[in-house]
Amino acid sequence: MRRLLAFSLTLALTAAAFAQTTPTERAAAAEILQEIEALQARINPTEKAQKMAARNDAQRDAIFERIEKLWTSEMRALSDYIGQNPEVGWHEFESVDTLTSVLRFYGFDVETGQAGLETAFVGGWDSPAGAEGPTLGIIVEYDALRGTQGAFHGCQHNAQSPVGFAVAIALSEYMEREGVAGRIRVYGTPAEEMGPPAKTIMYEAGVFDEADMLIRSHGSDETARGRAGFGVCCLNINEVKYTFKGRPAHQRSSWHGRNALAAAVQFYTAVDHLRPTFRPEASIQGVIPEGGIAPNVVPDRAVVDYYFRYPDEVYLEHMQQMIDNAARAAALATGTEVEIDRYGEYRDGITVGSLEELFFAYAEKLGAPNINPEPQRPAGYEETGFVTRGIPGVGISVFTSAAAGHSYERWQDSMKPVGHIGFLYDAQIMAAVLYHFLNEEDFRKTVAEEHRILSGLFDQYLERLRETYGDEIGGAAARQ
Ligand SMILES: [Zn+2]
């Protein structure tokens, strides 16, 4: 009985740790998950990582010391300063001014306005020993949350750039001193907390193209790594705006007009009527931010803004097509026109076991606080998923607050010892992972290979999902 219980507990834990949520997803993923297990067994990343972290290495330890010095003498105060001067997404002007001037001071070439985004930047540094070596990419963020009492850093993004800078500076000094070839790129990415997704825009514009791997830190309520595979924290999301355009007219001769608000309301109601047609895991929420100005003028413009979420992107696309059709139907029924703007997408990301396990091995070695030994659901290292599909990487998250995410308490913790200590661990672990990637060709190959295989398996998974759903998705045309 006890054994049986232990066995089913293991099963439950395993199921929870994988990213598949629905029975359909699990059916589609079954064989693929076995292949991921087999891949991990072959690579054996946990044991490898523990051996790498256990090695004596004076250069690496000197980098740790340098990072501690940079953090306590300068970067910690910079983190607090950004924390005390929060700016919301797309308006991080003063934060970016402050941060980029620090990077420039340390010899990085900084270009702002990347991908046409005013508060996006890249800080580049090429080793004097040559740029042929690996290119290490560090992603940093700096946007605050919108709150009823003004902007606040409840997600602790204030620390991310100072943490990333300590890593970039310490590594550049090491590479210069020891004649190690390679390049460092610090990617300043705006507006993590609001759409449209800046990292996707930057990725599509080729901003990250140079990077051989990407690393990022984030505040957390525990020190935990992800399991290898694919998944996302908060469901696959489409952010879509529907703009209905009609014709204005006086209220007393409204038949000359075409009412865009009527179209928007019809559409909004039609989406509610579609809900039972969709699987229960669907999460749909919309608002009508524009619905006309004056009651005595027929509204010629109305906007409906929706977030559609579903555990997998295949079914999400099916929902999307039905909902888009409902919008077109509402326009047709009211003699108006509709413009459909899918302004944001968030998707399953790829989590690479070799990198996650190295992060974790160093978290254990250095004694990071509040360690959760259980690997978590894979969720990629950045929120859009798209960058993780193109470039292998890892997110480092050490315990920095016990308070709820997006709370005022978590903001305050970012400027207290609990945050300060965790951020220093973040920086040292990031540097260690990059140090191994920079110096060990075998490790680079393993990472690239694992990422490539996982990407291939992910494509197969999507194909299996399409097969498993069959004619439940794809609309009438696909069934004929
Ligand atoms: Zn965040």
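Modeller: Helix 4 and helix 6 are oblique to each other, in what is a predicted model throughout. The two helices span residues 58-84 and 160-178 respectively, and their axes come within 8 Å and cross at roughly 140°. Angles over 145 degrees would count as roughly antiparallel, so the pair is classed as oblique. The crossing of helix 4 with helix 6 is right-handed. On the helix 4 side, the contact is formed by Gln59, Ile63, Arg66, Ile67, Leu70, Trp71, Met75, Leu78 and Ser79. Their partners in helix 6 include Phe165, Ala166, Val167, Ile169, Ala170, Leu171 and Tyr174.

Ala166 and Val167 are listed, together with Ala431, Val433 and Leu434, as the residues with the most contacts inside the largest nonpolar core, which has 120 residues. Helix 13 (residues 417-439) supplies the largest share of that core, namely 13 residues. The core also draws at least three residues from each of domain 1 (44-231 + 352-459) and domain 2 (236-346). Leu434 illustrates the packing: beyond its neighbours up to four places away in sequence, this residue touches Leu136, Val167, Leu171 and Ile215.

Helix 13 has a packing partner of its own. Its axis and that of helix 10 are 9 Å apart, and the two helices pack at an angle of about 130°. That angle makes helix 10 oblique to helix 13, and their crossing is right-handed. Helix 10 contributes Leu355, Leu358, Phe359, Tyr362, Ala363 and Leu366 to the contact, while helix 13 contributes Tyr425, Gln428, Ile429, Ala432, Val433 and His436.

The crossing of helix 2 and helix 14 is right-handed. From helix 2, the residues involved include Ala27, Ala28, Ala29, Ile32, Ile36, Leu39 and Ile43. Those they meet in helix 14 include Ile453, Leu457, Tyr461, Arg464 and Leu465.

The loop between strand 3 (135-140) and helix 6 holds Gln156. Phi of Gln156 is near 60°, a positive value in a residue other than glycine. Gln156 has 28 other C-beta atoms within 10 Å and is therefore buried. Asp143 lies in the loop between strand 3 and helix 6 as well. Asp143 counts as buried because it has 27 C-beta neighbours inside 10 Å. The C-alpha atom of Asp143 is separated by 7.3 Å from that of Pro86, although the two residues are 57 apart along the chain. Beyond residues up to four places away in sequence, Asp143 touches Glu87, Val88, Gly89, Glu92, His157, Pro190, Ala191, Glu192 and Glu193.

The peptide bond from Gly195 to Pro196 is cis, with omega near -10°, and Pro196 is found between strand 4 (183-188) and helix 7 (198-204). Asn370 has a positive phi, near 50°, and sits in the loop between helix 10 (353-366) and helix 11 (386-390). Asn370 has 15 C-beta neighbours inside 10 Å and so counts as partly exposed.

As to the overall arrangement, the chain is divided into domain 1 and domain 2, whose centres, taken over C-alpha atoms, are separated by 39 Å. Seven residues from domain 1 and five residues from domain 2 make up the contact between them. Elsewhere in the chain, Val265 lies in helix 8 (residues 260-274). With 18 other C-beta atoms within 10 Å, Val265 is partly exposed. Val265 and Ile288 are 23 residues apart in sequence and 8.7 Å apart in space, C-alpha to C-alpha.

Definitions and conventions. Residues numbered from 1 in each chain as written. Predicted model: local features only at pLDDT ≥ 70, side-chain atom pairs only at ≥ 80, totals over all residues. Core = buried A, V, L, I, M, F, W, Y, C linked by C-beta atoms within 7 Å. Buried ≥ 20, exposed ≤ 12 C-beta atoms within 10 Å, placed from the backbone. Helix = DSSP H or I, 4+ residues; strand = E, 2+ residues; numbered from the N terminus. Domains from an automatic or database assignment. Contact = placed C-beta atoms within 7 Å. Left-handed = near helix turned anticlockwise from the far one by under 90°. Axes fitted to C-alpha atoms, helices over the stretch in contact; angles between N-to-C directions. Parallel < 35°, antiparallel > 145°, perpendicular 65-115°, else oblique.
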